[in-house]
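Please open the model in a viewer and keep the sequence at hand.

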Amino acid sequence: SSGINAEYGLKGVSQKHVTLCREAAGGMGFDRHFFGLRYLNKTEGGGDLEVFQDPNWGTMGNIRLSTSTVGAPCLRDFLCFGAVSPQGFGLGYLMDKSQFGAAVTCYLPNDYYNSYFDNLGSACEDIRAVMQGKNFKESRKI
């Protein structure tokens, strides 16, 4: 059944996400290492290193979606996470077995905020349907 395959796929990508989050929290996220290298070099009077002049650095540095999960229950009323580039979005989220909450931020003006927010809601409805063993396409309110 496609519902079982969707649930299996969702659990697989969720586990990969958890692994990447743990690695980043342990200082193994590549972006943090580059940030530290660049900052340390500049504070010691060095010029920009060659790696930061590469055109690919400019592309990588333009992060379109920056996310953070909030695990502490006391922070639920203050859920927020900022966008890190003018073209991007920040997505702070929290979830447990019975609920999901999210806050979306962006630089203004942003022509895509409303559609992003609406699509996030649709995606959440799809995920809930999959986890309930339903066909997510039929559950979507179009």
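Select helix α4 and colour its buried residues: these are L120, S122, D126, A129 and V130. The model is a predicted one. Helix α4 covers residues 113-131. With 19 residues, α4 reaches 27 Å from its first C-alpha to its last, close to the 27 Å expected at 1.5 Å a residue. An α-helix has 3.6 residues a turn, so residues three or four places apart point the same way.

Remain on the helix and select C124, which is also found in α4. Is C124 buried or partly exposed? The residue is partly exposed, because its relative accessible area is 25%, and a residue counts as buried only under 20%. A distance may be drawn here to G101, 23 residues away along the chain: the C-alpha atoms of C124 and G101 are separated by 9.8 Å. Then move past the end of α4 to G133, which follows the helix and has a positive phi, near 75°.

Next, display the strands. They form an open sheet of three, in the order β1-β2-β3, with mixed pairing. β1 (65-69) and β3 (100-106) stand at the edges; each has a single partner strand, so one side of each is left without a neighbour in the sheet. From one strand to the next, the twist averages 20°.

Select β1 together with β2, residues 89-95: the two strands pair in the parallel sense over five bridges. Within this region, select S68 and look across to β2, where G92 stands opposite. Strands of a sheet pair through backbone hydrogen bonds, either parallel or antiparallel.

Now show α4 and the sheet together. The helix lies across β1, β2 and β3, and runs at about 165° to β3.

**The nonpolar core**

Which residues make up the largest nonpolar core? Select F89, L91, Y93, V104 and L120, five residues in all. Strand β2 supplies the largest share of this core, three residues. In soluble globular proteins, nonpolar side chains tend to be buried together.

Centre the view on L120, one of the buried residues of α4. Leaving aside residues up to four places away in sequence, L120 touches L91, A102 and V104.

**The salt bridge**

How many salt bridges are there? The count comes to one. To see it, select D48 and R38, whose closest N and O atoms are 3.0 Å apart. D48 lies in the loop between α2 (30-43) and α3 (55-60), while R38 belongs to helix α2, so the pair ties together parts that are 10 residues apart in sequence. D48 is partly exposed, with a relative accessible area of 32%. R38 is likewise partly exposed, at 26%.

**The whole chain**

Finally, clear the selections and view the entire protein. It contains five helices and three strands, which follow the pattern α-α-α-β-β-β-α-α when read along the sequence. Of its 142 residues, 19% count as buried. Among contacts between residues at least 6 apart in sequence, 30% join residues at least 24 apart.

Definitions and conventions
Residues are numbered from 1 along each chain as its sequence is written. This is a predicted model: local features need pLDDT of at least 70, side-chain atom pairs count only at pLDDT 80 or more; totals for chains, interfaces and linings use all residues. Side-chain values use heavy atoms; hydrogens and water are left out. Two strands pair if DSSP finds at least two bridges between them. Helices (H or I, at least four residues) and strands (E, at least two) are DSSP runs, numbered from the N terminus. Axes are lines fitted to C-alpha atoms, for helices over the stretch in contact, and angles run from 0 to 180 degrees between N-to-C directions. Contact means heavy atoms within 4.5 Å. A nonpolar core is a set of buried Ala, Val, Leu, Ile, Met, Phe, Trp, Tyr and Cys residues joined through side-chain atoms within 4.5 Å. Buried means under 20% relative accessible area, exposed over 50%, partly exposed in between (1.4 Å probe, protein chains only). A salt bridge is a side-chain nitrogen of Lys or Arg within 4 Å of a carboxyl oxygen of Asp or Glu. The expected span of a helix is 1.5 Å times one less than its number of residues.
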